[in-house]
Amino acid sequence: MAVNVEVAKTAFSAGEVSPALRARSDLSKQQGGLWFLENMVVLLEGGVTRAPGTQMVLQLTPGHAYVGIPFRFAGSGSNAYAIIIGNGVAQFILGNSVVVIGGGNNNPYTVAVPYTDADLGGAGATTPGVSNLRYAVSGNVVYLFCDGYQPQTLTREADNSWVLTPYITQPAVPAPQGGCLAPVANENIDPLETIGISATQGSITLTASAAFAGAAATVPNGFQAGHVGSVWRLDESSLTLTPEWTADETISPSTTRLSSSTYLGGMSSPANVFDGNFATYASQTAASGWVGCTLATPASIFNVTVNCPSGAGYFVLQAYPISFVLYAKKGSPANQTDGIVLASGSITDGTVQSITLTSNDQLTQFTSFWIVWAGVLGGNTISIAEVNFEGLASTTAATLRRWNGNVYQALNSGTSGANPPVHTSGQVLSGIGGIQWLYRNRGYGFVQITAVTNSTTATATVLERLPDSIAAQPTANWWPSAWDGVQGWPDRCFIFQNSLWAFLKNRFWRTQPGTFNNWDIPDPTSAQSGIEGGLISPIGALPWVEWPMANTSFLAIGTRDEEWVFAGQDPFSALSVENLDPYPSRQTGSAVHIPAAAEGGLVTINRARDRAMLMSLSFNGVMPQIEPQELTISARHILGPEGGGALGVSRQQDPNCINWFWCANGLLVGNTLMKEQQINGWHRHPQHAATDSGVNGIVTIPSSDEGVSWTYLLTTRTINGAQAQFVELMQPFFQPADTDAPTAAGAWFLDCALQYSGAPVTTLGGLNHLIGQSVGVHADGCTYLNPDGSLPVVNASGEITLSRPTQNAVVGLPKPYRARLLPLDLTTQKGSTVGKKQKANHLFLRVMYAAGGMIAVNPDEGGIAEPLEEPGVMTYGAPVPLRTGIIRTPGLDVPHADQTIVELTGDDTMPFTLLGVDPDVIISEDD
Amino acid sequence: MDPLTILALGSTALTSIGKLASGFGGSSIAKLQEGIANQNTALLNQKASDEAAEGKLSFDQSALDQSRTMLQVNRTLGAETGSFTARNLDPSYGSPLLLEGFSASQGAMDMALIGAKGEMGNADALLTAAGTRAQAASSAGQAAGFGAQASSDVFTGIVGAGTALLNGLGNPKNGVWSNLTAAAKAIGQGVPGSSMFTWSP
């Protein structure tokens with residue numbers, strides 16, 4: 001006697017569950033679970049739908065490792081990029097288009113990057129498949145951090161104009177207002193280890209003492225090649241070398257003679273007036289004339305002295321008075337009056353041998369200086385032995401005063417007045433008749449090493465002007481770089497609370513708030529300072545930072561053993577080292593990867609790479625905390641045994657809140673996650689088997705219209721016998737153009753596909769990336785098959801030929817799907833049906849926008865998959881209509897089995913969303 | 001000798017004796033004042049010594065304060081190290097080390113200020129002691145003055161007596177008086193070497 005039992009399965013929210021859970025019919029997860037769910041995704045509503053296919057966007061040079069970086073700059077319109085880095089270059093995808101070189105050239109625009117395959121998870125990688133490259137994004141800048149490399153910045157200037165530069169660069173604005181102030185390690189405390197400098201600005205030579213290069217020195221073995229690119233801080237060698245500012249001090253700055261070999265005027269032998277020899281002179285027989293010189297570097301002038309020839313005693317024997325005027329100009333004068341008059345005077349006495357004119361502008365810098373003389377009686381000759389322009393040139397020893405830690409240079413003669421200089425850039429006048437103070441330095445400066453000659457000698461570029469005292473006396477007050485090629489560059493980064501955070505092993509650095517490049521710590525107690533420190537685990541674990549991530553209130557850090565909360569003792573106050581209170585909140589342990597922000601927390605991969613965790617970041621009213629929850633608890637098989645271990649994760653927020661994992665064996669795994677709706681469904685996405693395809697990376701960005709998240713897959717496929725690598729854009733989840741009369745037009749369930757839209761054609765070309773492959777064709781809303789029922793094959797020219805013309809077609813690799821329900825474990829009046837012979841000859845499918853597909857019952861026992869309906873093959877002219885509602889299957893040829901298993905499959909190009917299954921189970925009772 | 005002369009001599013003698021008595025009386029007062037001044041001097045010298053000792057005390061106090069500050073600094077640094085360690089931060093690197101260096105430098109500055117305060121206290125004490133010693137010197141000077149005044153009063157009495165005798169005797173006819181008169185005149189004129197300067201009552 002047989003018993004009919006109708007069962008309703010109306011939710012698949014758990015997705016594919018672990019085989020170990022198949023017998024747990026008592027669990028709610030089991031009720032909503034599936035045996036298999038392949039190339040379909042769990043919907044937030046509980047149903048499952050076909051995973052969309054992909055569009056081939058960019059073909060990559062094969063044989064290399066690639067990673068994707070999401071980037072969104074502060075612009076309007078389409079402003080989200082997927083940056084693909086690999087094979088020594090960065091390539092850019094804006095929206096769904098590859099950025100190409102302009103001028104009609106369709107070559108992808110590239111920027112050279114230094115990272116190798118080993119750095120990006122390729123051959124030679126420490127962990128195969130796992131990239132060491134990390135990034136943080138702000139404005140139009142991508143900060144790139146990678147183990148073994150000086151951090152870089154990739155700056156967007158235009159869609160097809162990007163610049164990669166080392167992160168530590170010459171500041172555009174003098175510090176401390178701007179520029180890049182790198183972090184430094186602990187200060188040297190050995191007075192015997194000194195560093196001298198050849199100059200305070202520009203390219204300089206650093207010369208260290210012998211003790212500096214000792215094996216046990218502050219920097220063991222002194223300068224090394226790995227220090228190139230590192231930034232060091234040098235402090236004053238001695239405060240006694242720079243006098244303190246005092247009130248009402250009369251100051252006359254040191255000056256130097258300003259001269260060059262570029263002479264001005266019409267005097268004979270003008271060089272003689274600049275040679276310092278009073279016995280030689282220049283002369284001219286003219287009533288008036290001029291003599292001077294033009295400098296290569298601008299300088300300011302204090303005064304000029306004009307001397308008569310030695311022994312003669314006169315400028316001119318017969319004529320007095322003779323007037324003299326001091327002129328200056330920025331640039332070369334066109335004539336003797338083409339300048340600014342700075343001083344004038346005259347000689348009225350024939351016994352006077354010289355005249356000195358004091359400039360009325362000692363601050364402005366000029367390049368040309370000259371004197372104009374006039375008043376010589378006709379026919380007489382004026383002879384001048386020396387013209388001495390005295391002023392401040394760039395090489396002039398500066399007259400310095402110190403105040404409040406800053407050093408200022410007196411630019412002119414005057415009195416210091418009552419108010420000390422306090423400015424930290426430019427020049428400020430102390431008062432009428434006072435000193436113009438030029439901010440010089442703040443008692444220390446920064447250099448970036450550019451080359452290392454030996455252990456005690458290196459060349460460097462000054463990033464922030466160095467104190468003059470170091471040039472006079474080597475300093476023992478120096479701070480070695482915190483980052484360099486010797487002790488390592490930071491390899492983790494994150495932007496949190498408007499600061500850039502960097503990490504290297506257990507050490508961390510934070511920029512001053514509001515900056516992304518100023519790591520300076522002028523006052524360690526101030527929240528405005530940078531922060532630098534090292535983590536020590538309270539339980540002796542290894543606190544090497546594997547990933548930093550944050551929500552709006554605190555930073556979370558994952559290490560191999562623990563998850564740390566990085567917050568202040570008072571979480572509402574600004575962070576400073578005085579209230580910073582990092583602590584390990586959980587001991588789950590993480591693998592090296594970049595977590596995905598999701599559900600107010602982070603989706604992470606455990607250190608064995610076989611489980612996924614949701615790290616909820618919360619505040620319990622007393623302190624922030626991390627609450628881990630294992631997402632794979634119902635699908636322990638999926639990342640480890642099936643995928644060989646998850647390598648990375650990317651969150652596709654819209655529309656279905658899916659965490660996409662790529663695994664070591666190329667398997668793509670999805671996890672639909674919405675915590676508040678208790679949706680945690682897993683699904684596998686086997687790639688095209690015939691091409692040995694796999695997914696090696698994922699990057700997700702917002703779509704151009706912000707409507708959905710665009711997920712790009714970095715894939716590897718074997719095409720025509722050779723490896724090929726692609727960037728493919730996962731297509732939007734299918735929505736019919738007309739929901740009242742839905743059709744399959746616009747469906748895209750083919751991978752690595754391209755779309756044609758235009759005039760009716762029978763030959764579709766441009767498929768070179770699929771040469772030799774059997775491809776699926778979705779033409780005009782229908783699944784196309786050759787007349788013999790086979791798939792078209794792309795020929796050597798990258799073309800396929802259809803038997804009928806099409807004007808809208810998608811061509812790509814087929815993407816079969818499968819959803820197998822868990823055994824229907826029923827309980828009748830006589831107990832469990834398990835083990836009783838049973839089958840279901842017909843069933844009801846609750847579907848939405850569905851076409852095509854096949855259904856089988858007890859397939860492992862020989863149940864044949866039967867088409868649900870005609871898939872629309874060869875029905876050109878009208879797209880296949882889609883069904884929404886209940887499909888009653890035809891009578892199925894079903895063998896009896898110990899349990900009833902229903903399986904939905906399909907390899908067509910039609911949409912299919914399954915909302916529920918109602919099998920009519922027939923149980924053969926044994927009594 | 002006629003009665004008038006005898007009377008005159010008697011009168012002269014009385015006057016002379018009066019003068020002598022007056023001179024010896026003034027000398028006694030001055031001697032008393034000298035003694036007081038000498039006592040003051042001794043007291044002031046003792047006071048100056050005590051005040052100078054306060055300078056050393058100031059040093060000792062500052063040394064004590066410095067050691068207390070040092071202890072406090074060490075406690076602060078220890079507390080900071082403990083705090084950083086409790087907050088899972090390596091106290092030997094970066095900002096924690098800078099902060100402790102900051103605290104240590106503040107402690108060093110405090111100790112330097114305390115030392116300077118001790119120096120200033122010592123200087124103040126020495127200055128006060130010097131002032132007191134100056135007072136002692138002044139008092140010693142006063143004592144010396146009073147001593148000199150005492151001698152001067154005796155001398156004045158002798159001179160007064162002599163003068164009275166001379167005035168009463170008129171022009172003596174014998175050499176004794178003449179010699180006496182000469183001597184008195186010599187004394188009255190303050191001739192150095194006069195035996196009256198070595199006279200002691």
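In this predicted model, four strands of chain A form an open sheet in the order β12-β13-β14-β15, and their pairing is antiparallel. The edges of the sheet are β12 (133–138) and β15 (161–166) of chain A, each of which pairs on one side only, and from one strand to the next the twist averages 20 degrees. Within this sheet, strand β14 (residues 152–158) of chain A runs antiparallel to β15(A) and is joined to it by six bridges; Gln152(A), for its part, stands opposite Pro166(A) in β15(A).

The size of an interface is often given as the accessible area lost when the parts come together. Between chain A and chain B the buried area is about 1700 Å², with carbon and sulfur atoms giving 62% of it. On the side of chain A, the residues that lose the most area to chain B are Asn186(A), Ile536(A) and Val577(A), which together account for 30% of what that side buries.

As for specific interactions across this interface, there are ten residue pairs in polar contact, counted with both residues at pLDDT 80 or more, whereas the count of salt bridges between chain A and chain B is zero.

Key: Residues numbered from 1 in each chain as written. Chains lettered and ligands numbered in written order. Predicted model: local features only at pLDDT ≥ 70, side-chain atom pairs only at ≥ 80, totals over all residues. Heavy atoms only, no water. Buried area = accessible area lost by both parts, 1.4 Å probe. Salt bridge = Lys/Arg side-chain N within 4 Å of Asp/Glu carboxyl O. Polar contact = N/O pair within 3.5 Å; in protein donor to acceptor, adjacent residues only side chain to side chain. Pairing = 2+ DSSP bridges. Helix = DSSP H or I, 4+ residues; strand = E, 2+ residues; numbered from the N terminus. Axes fitted to C-alpha atoms, helices over the stretch in contact; angles between N-to-C directions.
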